[in-house]
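Here is a short report on a two-chain model. Read it with the coordinates open.

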Amino acid sequence: MSATTAIVTGSSTRPAPGRRRGRNRLSTALWSALSVVLFALFAFPVYWMVNTSFQPNNEIRGSEIHFWPDNFTLRNYATVLFDPGRTPFAPAAVNSLVVTLTTVLVALVFAFLAAIAVTRFRFKSRRGFIVMILVIQMIPGEAMIVSIFRVIDGWHLLNTLIGLTIVYVATVLPFTIWTLRGFVNGVPADLEEAAMIDGCSRAGAFWRVTFPLLAPGLVATGVFGFIQAWNEFVIALVLNARPEMMTLPVWLRTFLVANGTTNWAAIMAGSTLMAIPVIVFFLIVQGRMTSGLVSGAVKG
Amino acid sequence: MTTTDTGLPPAVSAVDGERIVTPQPAPPPKRRRFSRRAGGLTPYGLLVPASLVLAAIVGWPLIQLLITSMQEFGRAQVFGAPPTWVWFENYVSVLTDVTFYEVLGRSLVFAAVCVVTTMVLGTLMALLLQRLPKGFRLLLSLGMLLAWAMPPLSATIVWGWMFDTDYGIINSVLVNGFGLEQFQQHSWLIDPLSFFLVAGIIIVWGAVPFVAFTIYAGLTQVPDEVLEAAQLDGAGAFKRFRLITFPYLKPIFLITTILQIIWDLKVFTQIFALQDIGGIRALTNTLGVYIYQVSIAGGDFGTGGAIAVITAIILMVVSLYYVRQTIKEEEL
């Protein structure tokens, strides 16, 4: 995608006219210095989270600020993972994983079928369907939460993983369909036709020619869905409030409220554990993120 | 790919004898949907799973929301009592409630400040990215990616810790580094104004990278020749940006601004979590949080529904332009 290359390589600096070269070099040095400061500003909170999580809690509650975990400890992680007196981390992590992975899988399959329909076929309500997908993305989840709660309650699916998964599938579907539609559009249908001329069936041509070309798009879209579902907070807070049914964000919030401001070190350890998968995935697909969003897909 | 470039399938040119003798007319502009077929019921079948889920989790609740917003629907109704129809009474009570206007005004002003700050800083960052040598650009990109990738809840909690009254690094640096004694044990979240300053920092910090990367990607599309010509004609950096770069990027600016407006107007996680850490809920509620407070926490689903509908309408109006523009650009 163009944005990836743009971010990584960018355009080469224009050759400067000779007499201005000295001035340019100076200003480049100044901009570079500024960029280091800004890098620190952006990265600092992430660093501070990790840094705090490796320090003993009594030490971060001292008058001295430790910019480096000189008394390195894993105790906070032990507290988060194994302390029986607190809302346990492991079930929440398992819930999050199950819900998120199921959501991504189901949403990808459903969205893939829909994307084929709107890109490879001409039918009456095609345009209407795409516009509907766009409009649905604009309905604020916070406004829907009341009635989603009641609908799920009506199905007796409150505090179940199935209930939350169904809602998440619906939440990530519009975005997933929209993005996949772009990817399928990018593979010319002529390629399939060439395969069909060579004797493939229509489905066979799609499966053997188009599908392999779509694999990177499917992975990227799946990762977007993963991040969205993994980070989702409001819906999980309302639908799955029972401790054994919580997902990680709700668990983290409960952990925060229970520990108040007395154990920041453990809270940072929990926060780090929740953030790491997202940060890793995010760095993998970062380039596609911008281009996907600009072409109409919407983050959370 | 070679077969695709001939423009016409071989069968057609074989039948059409005239084409061989007469000079080839310019090939007709290739239509993108040349080979899209009708396919009978197949496309509808492919749409069934997605449509079912969306109908169940978006369509049906949307109808429910409209119905509930016209009913007296409280805790008793949740446990089975039949709701009474009150038609527009909920809307009237919301629209005559001072609290609602406080929340609405707070949300609008807060979103406006966040959006403007994010757009200005994001644009400046994009321009800076363009000027940097490769290594430094990668470094800054990495920093911004980290900020962007942080889950909103984690980000809020970390910033909450940094702004902590007793042991937060910000107070510590202000007191020890700058000698500002008044920040000794200063509480940032009790006062609504500084609560929103912190919330604003969290939101802007998380949103600037998206804007910066998007605009930077756009900047690389602005032709260098035009900028150079303007420079030779004596246009300064600011003038070049205003007269050349900005018009080129106008669609990108518009769409990112609208997305920011939507995201900042319905912000939930950051405000909600900051209230957990130490804000006064009644004085810091924004629309999203207010809906939650009234309906889920307060149990008044009817009024909550009315507020939700009003919020949805406001956001839909804002996003109308975005939807229209996207449809136009994608040539649906």
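A residue is buried if 20 or more other C-beta atoms lie within 10 Å of its own, exposed if 12 or fewer, and partly exposed in between, with C-beta atoms placed from the backbone. By that rule Asn159(A) is partly exposed, because 17 other C-beta atoms lie within 10 Å.

This is a predicted model: local features need pLDDT of at least 70, side-chain atom pairs count only at pLDDT 80 or more, and totals for chains, interfaces and linings use all residues. Residues are numbered from 1 along each chain as its sequence is written, while chains are lettered from A and ligands numbered from 1 in the order in which they are written.

**Confidence**

The predictor gives the complex an ipTM of 0.82 and a pTM of 0.82. pLDDT is the predictor's confidence in each residue, from 0 to 100. Chain B has a mean pLDDT of 83, and 87% of its residues reach 70 or more. Residues 1-34 of chain B stay under 50. The model has eight contacts beyond four places in sequence for that stretch. Two residues are in contact if their C-beta atoms, placed from the backbone, lie within 7 Å. Where pLDDT is low, the predicted coordinates should not be read in detail.

**Chain A**

Helices (H or I, at least four residues) and strands (E, at least two) are DSSP runs, numbered from the N terminus. Chain A has 13 helices and zero strands. Of its 300 residues, 47% count as buried. Take the contacts in chain A between residues at least 6 apart in sequence: 74% of them join residues at least 24 apart.

Trp251(A) sits in helix α12 (residues 248-259) of chain A. Trp251(A) counts as buried because it has 25 C-beta neighbours inside 10 Å. Not counting residues up to four places away in sequence, Trp251(A) touches Thr87(A), Phe89(A), Ala92(A) and Met246(A). Val98(A) is 153 residues from Trp251(A) in sequence, and their C-alpha atoms are 15 Å apart.

**Annotated spans of chain B**

UniProt positions are given in the numbering used here, feature names are shortened, and annotations may be inferred rather than shown by experiment. An unreviewed UniProt entry annotates "transmembrane region" at residues 41-63, 108-129, 138-162, 195-219, 240-263 and 301-323 of chain B. For "domain: ABC transmembrane type-1", UniProt (unreviewed entry) lists residues 104-322 of chain B.

| Span of chain B | Helix and strand | Distance between end C-alpha atoms |
|---|---|---|
| Residues 41-63 | 96% helix, 0% strand | 28 Å |
| Residues 138-162 | 92% helix, 0% strand | 26 Å |
| Residues 104-322 | 80% helix, 0% strand | 22 Å |

Helix α9 (residues 152-162) of chain B is mostly covered, with 11 of its 11 residues buried. Among them are Trp159(B), Gly160(B) and Trp161(B).

**Interface and core**

How many residues of chain B are in contact with chain A? There are 90, and they meet 92 residues of chain A. Helix α4 (residues 42-68) of chain B gives the most to the side of chain B that touches chain A, with 16 residues. That side has 58 nonpolar, 21 polar and 11 charged residues. Here Ala, Val, Leu, Ile, Met, Phe, Trp, Tyr, Cys and Pro count as nonpolar, Asp, Glu, Lys and Arg as charged, and the others, Gly among them, as polar.

A nonpolar core is a set of buried Ala, Val, Leu, Ile, Met, Phe, Trp, Tyr and Cys residues joined through C-beta atoms within 7 Å. The largest one has 163 residues. Ala111(A), Ala114(A), Val167(A), Leu173(A) and Ala212(B) have the most contacts inside it. Helix α11 (residues 192-219) of chain B supplies the largest share of this core, 18 residues. Leaving aside neighbours within four places in sequence, Val167(A) is in contact with Ile148(A), Ile152(A), Ile235(A), Leu239(A) and Ile57(B).

Pro192(B) is also in helix α11 of chain B. Pro192(B) counts as partly exposed because it has 14 C-beta neighbours inside 10 Å. Beyond four places in sequence, Pro192(B) is in contact with Ile280(B), Leu283(B) and Thr284(B).

Most residues other than glycine have a negative phi. Asn159(A) has a positive phi of about 60°. Asn159(A) lies in the loop between α7 (141-154) and α8 (161-186) of chain A. Trp87(B) has a positive phi of about 50°. Its place is the loop between β2 (84-85) and α6 (89-95) of chain B. Trp87(B) counts as exposed because it has 10 C-beta neighbours inside 10 Å.
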